[in-house]
Amino acid sequence: MLGNTVFSTSASANEEPSQEETLEQRLAHYVHFGELLVPWYFLAAVDQYERNIQSVRSDIPKRDSLIAIQFSEEYWSGPLNPSSDDTSPVTIGYFGGMGLDGNSDGVASRDDDEDILFTMASYLGQFGLGEENFKLALWEYYQSEKAVNQIVTMAKLYKHYNTIDLDTHAFPIPVKHHYSYKGTWGANRGWGGRRIHEGTDIFASYGTPVLSTSYGIVEVMGWNDFGGWRIGVRDNHNSYHYYAHLAYYNEGIKVGDIVEPGTILGYVGSSGYGKEGTSGKFPPHLHYGIYKFNGRTEWAFDPYPSLKQWERQSKAAAK
């Protein structure tokens, strides 16, 4: 049996914890339950995925707590349980519910972070250790290949960096280079059929380095008729970062690589708008876009506000 666990915090009861303190508390929870059943980064990835989709979906209630994972009443209490909010481990187990008591207080509550994490860790642990078993557990739970891929990406990042604090960003062009850009989200584009511009164009000299804006894993590389030589990076917030019209890639970069803010992905060019190898139909520039996965679909959103913020941060860091 688990003993009662107290997770301390340096913030007083009358003040909100800082972002750093919140991340420390979450990590302490993940490590505690991970040591018991599954690698901590598996739990961290599932929790972050749940947090990500809650932030962009109006049809999913947002769990206002340290841990974002939430279970349905039926899953927790059991499909035939006459008490949908049952917290008794005995009757929950009798009716086939999955809810467990994670801190040995005699209560299995859907409102208790420790009970929730222990329940998820127990579920994942049933499938065994290793990435393939993790994928199988995720598929059985979410029934979505995209959800599985998103969560596995996050788990790899957390494992590689041994932290969940991966929210640093960089401007995609070195700020000491000459470049220009403005917000062009939604502008008309005609090549290949009527469509709108789903990103921001950053004009710079041919061969200017293109940097990763985030921590992430290279998901896509190769030719796209619209984007030319492009590269796509998936981060830990269900966001896909799209870099297009490259002249060429950074030597050695390949699909599956882990990158971080400032990693050189490739170099500014003017490729695209035609069959493979087409180039020079427009001035050299980087097309940068961000796409968000919400658990069902993936959609583009305007990256310009983020770029302005990352530009300021990168300039401050360069001083």
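Buried means under 20% relative accessible area, exposed means over 50%, and partly exposed lies in between (1.4 Å probe, protein chains only). This is a predicted model, in which local features need pLDDT of at least 70, side-chain atom pairs count only at pLDDT 80 or more, and totals for chains, interfaces and linings use all residues. Residues are numbered from 1 along each chain as its sequence is written, and side-chain values use heavy atoms, with hydrogens and water left out.

**Exercise 1. An aromatic pair**

Classify F71 and Y141 by accessibility, then name the geometry of their ring pair.

Solution. 
- Step 1. F71 has 5% relative accessibility, so F71 is buried.
- Step 2. Y141 has 22%, so Y141 counts as partly exposed.
- Step 3. Apply the ring rule. Rings of Phe, Tyr and Trp (its six-membered ring) pair if their centres lie within 6.5 Å; planes under 30 degrees apart are stacked, over 60 edge-to-face, the rest tilted.
- Step 4. The whole structure holds 27 aromatic pairs. In the pair of F71 and Y141 the centres are 6.3 Å apart and the planes stand at 85 degrees, so the pair is edge-to-face.
- Step 5. This pair links distant parts of the chain, 70 residues apart: F71 is in the loop between α2 (40-56) and α3 (73-77), and Y141 is in helix α6 (residues 131-142). Helices (H or I, at least four residues) and strands (E, at least two) are DSSP runs, numbered from the N terminus.
- Step 6. One aromatic cluster is formed by Y49, F71, Y75, W76, Y123, F127, Y141 and Y142.

**Exercise 2. Two helices**

Describe how α2 and α7 cross, and list residues that meet.

Solution. 
- Step 1. The axes of α2 and helix α7 (residues 145-161) come within 8 Å and cross at roughly 130 degrees. Axes are lines fitted to C-alpha atoms, for helices over the stretch in contact, and angles run from 0 to 180 degrees between N-to-C directions.
- Step 2. Under 35 degrees is roughly parallel, over 145 roughly antiparallel, 65 to 115 roughly perpendicular, and the rest oblique. α2 and α7 are therefore oblique to each other.
- Step 3. The crossing of α2 past α7 is right-handed.
- Step 4. Contact means heavy atoms within 4.5 Å. Residues of α2 that meet α7 include W40, Y41, F42 and Y49. Their partners in α7 include I151, M154 and Y158.

Technical notes: Left-handed = near helix turned anticlockwise from the far one by under 90°.
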